Amino acid sequence: MKTKRFFAAILAACLTLALALPCSAAAGNAAPLTEAVQALTALGILDGTAGGDLSRPVSRAEFIALAVKALPGGSGVGQASFSPYPDVPRSHWASGYVEAAVGRGLVTAYSDGTFRPDQGVKLAEGASIALALLGYQAGDFSGAYPTGQLSMYRNLRLDRGVAAVNAADPLSWQDGVYLFYNLLSVRTREGAPYIQSLGYSLDAAGKPDVVALINGQMEGPVVAQGSWSSNLGFTPSKVYRNGVLSTAAAVQNYDVLYWNPSMGTVWAYAKKTTGTIQAIAPSGASPASVTVAGRTYDIESSAAAYALSDLGQYRLGDNVTLLLGRSGGVAAVADVTASAGERLGVVLEVSNGTYPDGNGGQYTAQTVTLMATDGQTYQYQTRGSGTRVGSMVRVSVDGTSGQVTLRGLSSSTLSGRVDRSGARLDSYPFAQDVEILDVSGSQGVVLRPERLAGLNLDRGKVRYYALNGKKEIETLVLNDVTGDAGQYGILTRMDSMGEGMSVAYSYEFDLNGQTYAIPGGTTRYPVSVGPVQIAGSPADPERLRSLTSAGTGELSGNQLIVGSQKYTLSDSAAVYEYREGKYYLSSLARAEAASGKLTGWYDKAESEGGRIRVLVIR
């Protein structure tokens, strides 16, 4: 059989052929070519035998291989048991597919008894095979061949994106991709979408759900150890690590792996958490979640469930490392020695916590709540360390005893401008898997480098940074640079009582549809009724600050257009409607329809990282 090439080659072909063969459709209303390639590759129908060249004709043997792989269970076809045709001997790479196609009534020989495997497929032949897959037979077509077949082919809209028009026109690989992609959403002779025969369904738009297809064909999770790639059965053409395109060499021991053989792709996740098992729920007999270091995680694999069950090796009070999968759940459990690397972050709280001792009792230990550079919060039990709220620390776990150590980190001095592509800060490029945390009070948000593009980071904006061996920034902690860590809502009321030195101020504000009240106190925030930024806990804010009006305009994509000025919306912009003197939480869909009645409010200039944080419909 021909050596399989993978998804990357075909997807690259779609891009490199963009001028000669547009990735958009030849016929109207076709899906993007990349989407069709993804769906067929995820299903194993397409494996790259086009060699990345989608413009060349597809042969009869190649087309039959695609058709058989589109059958339920068709990917398991091997070598033929005998030579199906004189010109398709048993040794031919496609003999198994041809034999299977003949057995399913998808194809017949020419009048001279030959199959002609290397001859190009004509439109009439390809359309007839697709209709046969849908369950149609010769008696279902009117008129002489191929008039009835082509008429039904077009009526069923199997022709979307197919450039070939006439019965004798040869099909290219691109035509074949579109024909089989269209097949997935067309109803069979019995009335169900063809994709259902393969165990999948269409999305709300009536198209193959590509995400569901990839998930359905994905294997794993397993834990990477040693020469992990040799156990996959294929050589990965693409490797993603923590959601970023990477390399196989970047995968480390104890990474959690998932893979799709048809796509030749591996997804690796390096997220871990280490600490004491505080709870297993609902019970050790049937564990569905586990609480470690103050956070509760769902269990996503049978191996992890077994390890944490009363049949496994881990119990309440044990120190463990949870290896987290793509959904953030527990994919595997390991001893604390598996906690590769150290966690950095900002201390949010220092308190006393209660922990199980493993014998049915409890004990109390100092507990530090940390906001780490992955944007998550964790709790660690520690011995008295003198750690203060707001300090930067490095957390390490002893590989033998599981003892947690916190070491304070001094602020790092770094300033400069991030280039327009978000690739580097001053003279330092960002590492591929860089972790960036922007902290505002007791809140934090993880950023991608692109979010910092063009921003000037003055002294004091960088709280900490670390370089890897290539002199790339691998960790960066910022001091409220973007404002994305803030919370934004509406100040609905503010009152003052008393006079002189005895004035008491009270406030009431709405945040995400929930009302919060700050009772009378001596703090006078520089705010007025309307959109505000709330820093810290909503129940006990560190500060309130009024936002600035951008004026009234209309939405266009992710921008608010006010006259000739354009303002970029925050990804989490809050939308309110103002009616009869009151504010009501609303939606972006309502804002998009409120042309001329929409006012935007921003926290600071866009050149400084600001965004439209609140939209008000009046």
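**Exercise 1.** Describe the hairpin formed by E12 and E13.

Solution. Step one: the two strands of the hairpin, E12 and E13, have four residues between them. In the turn lies Gly375, with a positive phi of about 85°. Step two: strand E12 covers residues 362–372 and strand E13 residues 377–382, and they pair in the antiparallel sense over six bridges. Two strands count as paired if DSSP finds at least two bridges between them. Step three: Thr367 has Gln381 in E13 as its bridge partner.

The basis of these values is as follows. The model is predicted, so that local features need pLDDT of at least 70 and side-chain atom pairs count only at pLDDT 80 or more, while totals for chains, interfaces and linings use all residues. Residues are numbered from 1 along each chain as its sequence is written, and side-chain values use heavy atoms, with hydrogens and water left out.

**Exercise 2.** State how many helices and strands the protein has, and what share of its residues is buried.

Solution. Step one: there are ten helices and 33 strands. These are DSSP runs, helices (H or I) of at least four residues and strands (E) of at least two, numbered from the N terminus. Step two: of the 618 residues, 49% count as buried, a term for under 20% relative accessible area with a 1.4 Å probe, protein chains only.

**Exercise 3.** Work out the order of the open sheet of five strands and identify its edges.

Solution. Step one: the order is E1-E4-E5-E2-E3, with mixed pairing. Step two: strand E1 (219–223) and strand E3 (244–246) are the edge strands, each pairing on one side only. Step three: strand E2 (residues 238–241) and strand E5 (residues 265–269) pair in the parallel sense over four bridges. Val239 stands opposite Val266 in E5.

**Exercise 4.** Is Arg451 buried or exposed?

Solution. Step one: Arg451 is located in the loop between strand E19 (443–447) and strand E20 (456–457). Step two: Arg451 counts as buried because its relative accessibility is 16%. Step three: leaving aside neighbours within four places in sequence, Arg451 is in contact (heavy atoms within 4.5 Å) with Thr482, Asp484, Gly609, Arg611 and Arg613.

**Exercise 5.** Which residues of helix H6 are buried, and what covers them?

Solution. Step one: in H6 (residues 147–155), the buried residues are Gly148, Gln149, Leu150, Met152 and Tyr153. Step two: their cover includes helix H5 (123–133) and helix H7 (173–185). Step three: Arg157 follows H6 and has a positive phi, near 65°.

Notes
Buried means under 20% relative accessible area, exposed over 50%, partly exposed in between (1.4 Å probe, protein chains only).
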